[in-house]
Amino acid sequence: MVCRLIRIYGIVQGVGFRPFVSRLADRYGISGSVCNKGSYVEIIARADESVIGDFVHAIEAEAPERSAIVKVKVMDSPVDISIDSGFKIALSKHEDGQIFVSPDIATCPDCARELFDKNNRRYLHPFINCTQCGPRLTILDSMPYDRVKTSMASFPMCEACSDEYTDMDSRRYHAQPVCCNDCGPELYTLVGRASESDVQGMGTDSERPEGAYGAAALLETRAVIRNGGIAAIKGIGGFHLCCDAGSEAAVQRLRQLKARPMKPFAVMMRDLEVVGRECRLEPEMESLLTGPQKPIILIPRYTGSADSKSADSRIAASVAPDNPNLGVMLPYTPVHMLLFDYPDDEPISDVLVMTSGNPSGAPICMNDEEALKYLSPMCDIILSNSRDIRIRADDTVMAFYRSKPYMIRRSRGYSPLPIVAKRESSYAVLGIGGELKNAFCLGDKGLFYPSPYIGDMADMRSVRALEAATTRMERLLEIHPDIIVGDMHPGYNTSEMARVIAEREGVPVMEVQHHHAHMVSCMAENEYEGTALGVTFDGTGYGPDGTIWGGEFLLGDESGYERVGSIAPFIHAGGDIASREGWRIAYSMISTALGSEAANRIGETLGLGDEKGRQSIDFMLGNNINTVKSTSAGRLFDAVSAVLGIKSASTFEGEASMALQFAAERAEAQGISLAPYEGRLMNIDEEQFELCTDTLLMELAARSLADQDTDQLAYFFHKALADMIVIACCYQRTRCEVNVVALSGGVFQNLLLLRLVDDGLEREGFKVLKHGVVPTNDGGIALGQAAAGIAALRNEEQNEEQ
């Protein structure tokens, strides 16, 4: 007989791990205990040595589905126990070390069955959960994960729930959010279109105006949706705005109220059968749609005369205008399931718009006060509940590339699952993230924890949400940063916040160039250390030379970089409005190349603005007013979209570029008829190279004037740009013998360009690093900032030792 101390590290809290260990110990006849230590689960086990070996093997082989074991340590126990003492779940204790916080988990199949089982005592209970599902991060106050340290502490368990909680054979054995209709949170409605007086004095979600409660609240909300109304619905990490996706009038009204004229809405579909009716569902997508994360997945829809199923679609055209994909998710909470199916009530649509509940530019609303203030003007009813949300977590969004997930927005279901560093470090860091699509990242002890999605930082509400979230996550993860890392742009709100936090916490602040952070993010996700060539293409980033960067080739590692190339610079004339109206960039490039007289004739023919607008740009160019040198790949895509007559302006970020991509994909699907681009691909000087994207745009303008097919020209551009990128990487390899390329930046959300570049680089023998679980857009740069910060501290320590 031996007594062993076993420590299990990973996602082992909030997933039923201690009950699982207790049942396993009972199976093997092991005496001892299991305890949650905050950063790990600790087991003291007394039995025959071979039995303990089998026990440890079974822990790893049979671990709960929602857990993720990172490592297991087995050692002699410093204490001995009696063989006949039995096995117990001990009270949680706090220990320092790596911490793993479980993300929120979608309702499991067992709970979903019980929800609609008339013989089950949780029949129609809108907060049903067990050890395998339910809220985790968004209700957590502090570690270890125990009920008293969550917002469920406000709901004492009834006797029946308490019995299940302590019953080893129950699926709810030590399930912290366990509750039922008798003891759990309650649904209630608030009136939409509330007056300002309704909002005054609102504190927590328990202080609310009178409305319908329980089943009546749910039935009332269903009726509003059924009758073409709009509902704000509180979920796990915030509110959604919801309406019937089959009602053109309801969707158009939501667009008007939310001031969102074209950007696609996400939809929630009742089940996989509905998804199969509306979309080209690939097998690899099913496991994610139905699994514990249930993200929004961008899925090709049935459209056009070539699709026999397109006639079966029941989704309004205005849900995703001019977009071949739908952002689809399945119900992931009991409330969602009850919205779709409620016994003995009239049916509602099997597809609902379920878009983030927030004003444009602001973070998702998370409590009644915010919902009444910001969402009531957009909806007819608010369905809320009395369980407080501790931290916002919007829906995760992902595409699929080469049959694997390709993250667009990392949030609910994934954050704060850590990214494991190549090697451990004794330093802690906070990467504050970008100004757009903000998410921050905390790093400590060899782990990087990306936060849930926050939003765009131009809105001060998002800035306040970021500050609150960083404070809470530092407390949850018990991380006290040694350095704060932000962007080097002097005017960003995130840059200012990095300085404020650093001053408050008495630690240094570090600035990392935007595109270097992109590059390092990709390298960190792929656990690559060493020198790489970063191809970082996006909309904008502050260059150290005072220009706008965005189509960059960087040679370096996490500690530093050299800018070795870019796309051809152009003059960005017109400030922010030119970032939204791509025709202005196109006209500026044509005017710079040919002069104003010729450019005006071409601009008039191609529909690049009106004469007054073109004259305004020429005035700015001629007098160097409101102009800046730029290498933005995002703006290049916008300019090409305008030149080809696809989209001259954008109502949301990336709209014109997306339309250009969709046109190119249509051409590829129908067959390519244009010969490859034969013009010059790059210019080289002693310091760096430039891709000939300026002459490529002029070639496209000439072909567009000659009335060549627009979709074919869109593909022609993508292929030519991809060829330029590959040739540039080959050239740089001859100069520095680096054979690793990291592709990052928001432009690589364009999966056609990604594939063309990826395939080209692989044919040339490059090792290509790409994103997967971390967004390639600005939502991923915080990881790069954090990794660069750790590298800087490590290098400083090494220099001091020398």
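In which sense do β6 and strand β13 (residues 381-385) pair, and over how many bridges? The two strands pair in the antiparallel sense, over five bridges, where two strands are taken to pair if DSSP finds at least two bridges between them, and V191 stands opposite I381 in β13. The model is a predicted one, in which local features need pLDDT of at least 70 and side-chain atom pairs count only at pLDDT 80 or more, while totals for chains, interfaces and linings use all residues. Residues are numbered from 1 along each chain as its sequence is written, and side-chain values use heavy atoms, with hydrogens and water left out. Helices (H or I, at least four residues) and strands (E, at least two) are DSSP runs, numbered from the N terminus.

β6 and β13 belong to an open sheet of 10 strands with mixed pairing, ordered β6-β13-β7-β8-β12-β9-β11-β10-β14-β15. The edge strands, each pairing on one side only, are β6 (187-191) and β15 (404-409).

Elsewhere, strand β20 (residues 483-487) runs parallel to β21 and is joined to it by four bridges, with I484 standing opposite V509 in β21. Between the two strands the chain passes through helix α13 (residues 493-505), and this β-α-β crossover is right-handed, meaning that, with the strands pointing away from the viewer, the path from the first strand over the helix to the second runs clockwise. In strand β21 (residues 509-512), M510 and V512 make up the covered face, whereas V509 and E511 make up the uncovered one. In a regular strand the side chains alternate between the two faces of the sheet.

The structure holds 12 aromatic pairs, in which rings of Phe, Tyr and Trp (its six-membered ring) have centres within 6.5 Å, planes under 30 degrees apart counting as stacked, over 60 as edge-to-face and the rest as tilted. One of these pairs, F537 and F748, is tilted, at 6.1 Å centre to centre and 40° between the planes. Because F537 lies in strand β22 (residues 532-542) and F748 in the loop between β29 (740-744) and α23 (751-763), the pair ties together parts that are 211 residues apart in sequence. F537 is buried, with a relative accessible area of 0%, buried meaning under 20% relative accessible area, exposed over 50% and partly exposed in between (1.4 Å probe, protein chains only).
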